[in-house]
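Please look through the sequence and the model shown here before reading on. The briefing is meant to be read beside them.

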Amino acid sequence: MADQRAGTLQQSPLAEQIRRHLFFSQAKSPSLATRHDHYMALALAVRDQLLQNWVDTAEAYTTRGVRTAAYLSAEYLLGPHLDNNLVNLGLRAEAEQACQELGLTLDELIACEPEPGLGNGGLGRLAACFQESLASLELPAIGYGIRYEFGIFRQHISAAGQQESTDAWLSQGNPWEVIRPEWSYPVQIGDHTVLGVAYDTPITGYGVRTANTLRLWSAMAPEAFDFASFNAGDYTRAVLAKIQSETLSKVLYPNDELEQGKRLRLSQQIFFVSCSLQDMLRILKKQGLPVAEFHRKFAVQLNDTHPAIAVAELMRLLIDQEGLDWDTAWSITTASLSYTNHTLLPEALETWGVDLFEKLLPRQLQIIYEINSRFLRMVRIRHPGDRHLLERVSLIEEGAQRKVRMANLAVVGCHHTNGVAELHSRLLREQLLADFAQLWPDRFTNVTNGVTPRRWMAVANPYLAGLLDEAIGDGWRRDLEQLQGLAPLLHDGGFLERWQQVRAQAKQRLASHIQKELGVLVDHTSLFDVQVKRIHEYKRQHLAALEVVQRYLRLRNGEDLPPRTVIFGGKAAPGYAMAKRIIRLIIGIAEIVNMDPAMAGRLRVVFLPNFSVSLGQLVYPAVDLSEQISTAGKEASGTGNMKMALNGAITIGTLDGANVEIRERVGDENFFLFGHTAEEVAQLSADGYHPMPWLDRNPALRAAMELIASGHFSEGDRDLFQPLLDNLTHHDPFQVVADAADYGRAQNAVDQRWCDQESWSRAAITNTMACGFFSSDRAISEYAERIWRLEPMRVEG
């Protein structure tokens, strides 16, 4: 009967399904329906079409008992679902036709979808790309995370800089999720218990019937209403447990500078990890498999240290709940778990005070102590008398405040640890985790990140996607290495002309958005110089801002430079004062440059507020120059660099993260390299780096900093940017000043190359052609083969 109903739905024209959902789901007539009502009706109609795939996929996994990847991530920066689902299901043309029949515009309905605010930056977007690739490659998988009611925050930009407001992305409902109240699990945190309730979202693959599940946990109180307190007149206490429990899934990443923030963040981590592991045990038993088979059924991937508590929690569940002995539980745990490290910054490796851990997770702390005791015993046997080694590798950091080291726990409890770019993985093995790499060299590997070509080319850049389909066929959507087929067209005048046309379309689209949203008129024929990513000192947005000031001074002094539009975007953590000051500097520069009549047609500066996946889909296709200028040895990988290069941008960057591998593939002549290498950065620091000698040799940089100090970009306020300038002249922890002169040289080379548009276009095409390696399909295939030992499984119709 279910198959018959599904068949009837599929035979119905999409327009009719939209009408039905408008009436039966939205209770609206067409004349009363808002644009959002029509979006909801279309989304539900599309969901109807993928439900059969979703149900069939779950049924196939259950009946066949297949090995499954379980991806644990505190973040999923998913982006809007509708357009991506239309592309993956092959329904976009039909949806456009249906909308025309109903007097609607598909793009306007797509724009109505609120973006799921479940991630902050690259970490969460990578997790989303991986989920889509897992489904597209027909690999059995389930993603686990938290259903944050409020996202990271909405960023507003004013003359005062960044302000934050609540991101209520769920306020009008979410048509893509299905609540599963029958799958809820208790989690003990301190002296109270929280229930995690499952909300499932289908993640559909491209051109296949596989639709995997993203399962997000929402926190509830076991008893939502205290009737006794209510009867006694204590109305606040009657709902207190509900409020306290639901706080866990209210917001992504609280400010953890305060003790309350630390407590909430650690609680969030144990909450979603415990719910996810309990769910895996339920699935295991549902399929009739013994607990001892857990590691054969599930390959559990920890996306950074946020889910590292899984090592202790899985041990607790296996020992306390399932009754296994320590050695058996430990062998299952280490055979099940693997860990991806995403940072080379020691301060970004999570640690938690033992006191806090003991209050919230006393049993897990006991288990960590036992793991540490057994591990250190092994280290002593292999390296007798090396007290300093024991101190470095211990899971507990001793000192005035003892701390649990989550990265150490992850490495000890997982069978593989991987970095996310060749350079990053090498530095992990040689520096950050060198002691562990010497103990277990076979546990360390590299899987360079990737991005999905469906979201970041087919959906984001329909102009380029259409050109590629004409030129080499549409096989690149499933096999990005087919972009190599562009090679014979590099010197084809007709193709070069078409390439320049689709580039102009993407740039005009972004220019129109900038004018509409910010009131800034930009020339779409100018060079679009773009840096959009999380604002952080090591990513060095201030290096780019200082270069803009130098360019402004050169233009004011009469130099003839090619027209350029410099575009920034990204959020600073609410408590990160220096990052917010960098944003304020960029805003101040933009204000002066854009109102200076001498800069008209020559230089524009834009800061795009509230950078997101949706905004990224407008920006990445329009980039001419991709700014990837982090201090070498600090960026793990980057994925914005991949998105821009695949869409035809040329990179200006250091030898950092995946920049190294991009340059190797596109060729030195199609990459603007500058700056010290990771080894040189380390040597400068070891030699006692000080910025002043470098500043003394760079009069153009000094002039720019003096202009900033004068209050020129802060309405005469000489104090506003002084902390930033003092940091650069006295400390400069990320060696901005040391790299500034070489960065300026590389920017001059950019200007020269841009003046030869034919040469620039060939370099841009080469970037697209040569970057097929940076597909998340390739990355997931490597995880599946080398770490998870996972086989694809076709879901039949």
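Predicted model: local features only at pLDDT ≥ 70, side-chain atom pairs only at ≥ 80, totals over all residues.

Residues are numbered from 1 along each chain as its sequence is written, and side-chain values use heavy atoms, with hydrogens and water left out. The protein holds 35 helices and 20 strands, where helices (H or I, at least four residues) and strands (E, at least two) are DSSP runs numbered from the N terminus.

**Overall build**

- A compact globule of 797 residues would have a radius of gyration near 28 Å, and the 27 Å of the protein agrees with this; the radius is taken over C-alpha atoms, and the globule rule is 2.2 Å times the number of residues to the power 0.38.
- Taken along the principal axes, the box filled by the C-alpha atoms is roughly 80 × 75 × 65 Å.
- Of the 797 residues, 61% are buried, where buried means under 20% relative accessible area, exposed means over 50%, and partly exposed lies in between (1.4 Å probe, protein chains only).
- Among contacts with a separation of 6 or more, 75% are made by residues 24 or more positions apart, a contact being heavy atoms within 4.5 Å.
- The accessible surface comes to about 30300 Å², and carbon and sulfur atoms account for 51% of this surface; the areas come from the Shrake-Rupley method with a 1.4 Å probe, and for residues only the protein chains shown count as cover.
- The mean positions of the 78 positive and 96 negative charges are 2 Å apart, with Lys and Arg counted as positive, Asp and Glu as negative, and His and the chain ends not counted; each charge is placed at NZ of Lys, CZ of Arg, CG of Asp or CD of Glu.

- Six strands, in the order 17-16-15-18-19-20, form an open sheet with parallel pairing, and two strands count as paired if DSSP finds at least two bridges between them.
- Strand 17 (603–608) and strand 20 (672–673) stand at the edges with a single partner strand each, so one side of each is left without a neighbour in the sheet.
- Strand 16 (residues 564–569) runs parallel to strand 17 and is joined to it by six bridges, and within this pairing F568 has F607 as its bridge partner.
- Strand 15 and strand 16 likewise pair in the parallel sense, over six bridges, with D529 standing opposite V566.
- On its other pairing, strand 15 (residues 527–532) is joined to strand 18 by two parallel bridges, and there D529 has L625 as its bridge partner.
- Strand 18 also pairs with strand 19 (residues 650–653) in the parallel sense over four bridges, where the partner of L625 is I650.

**Burial within the sheet**

- Strand 15 is mostly covered, since six of its six residues are buried: L527, D529 and Q531 point one way, while F528, V530 and V532 point the other way.
- In strand 18 (residues 625–628), L625 and E627 point one way and S626 and Q628 the other way, and all are buried.

- Although 39 residues separate P609 from G570 in sequence, their C-alpha atoms are 7.3 Å apart in space.
- Leaving aside neighbours within four places in sequence, P609 is in contact with Q155, I157, L518 and L615.
- N610 is found in the loop between strand 17 and helix 26 (613–619); its phi is near 55 degrees, a positive value in a residue other than glycine, and N610 counts as buried at 14% relative accessibility.

**Two further residues**

- E138 lies in the loop between helix 7 (122–136) and strand 2 (141–146), has a positive phi of about 60 degrees although it is not a glycine, and counts as buried at 10% relative accessibility.
- T729 lies in helix 32 (residues 722–730) and counts as buried at 14% relative accessibility; apart from neighbours within four places in sequence, T729 is in contact with H690, P691, M692, L695 and M705.
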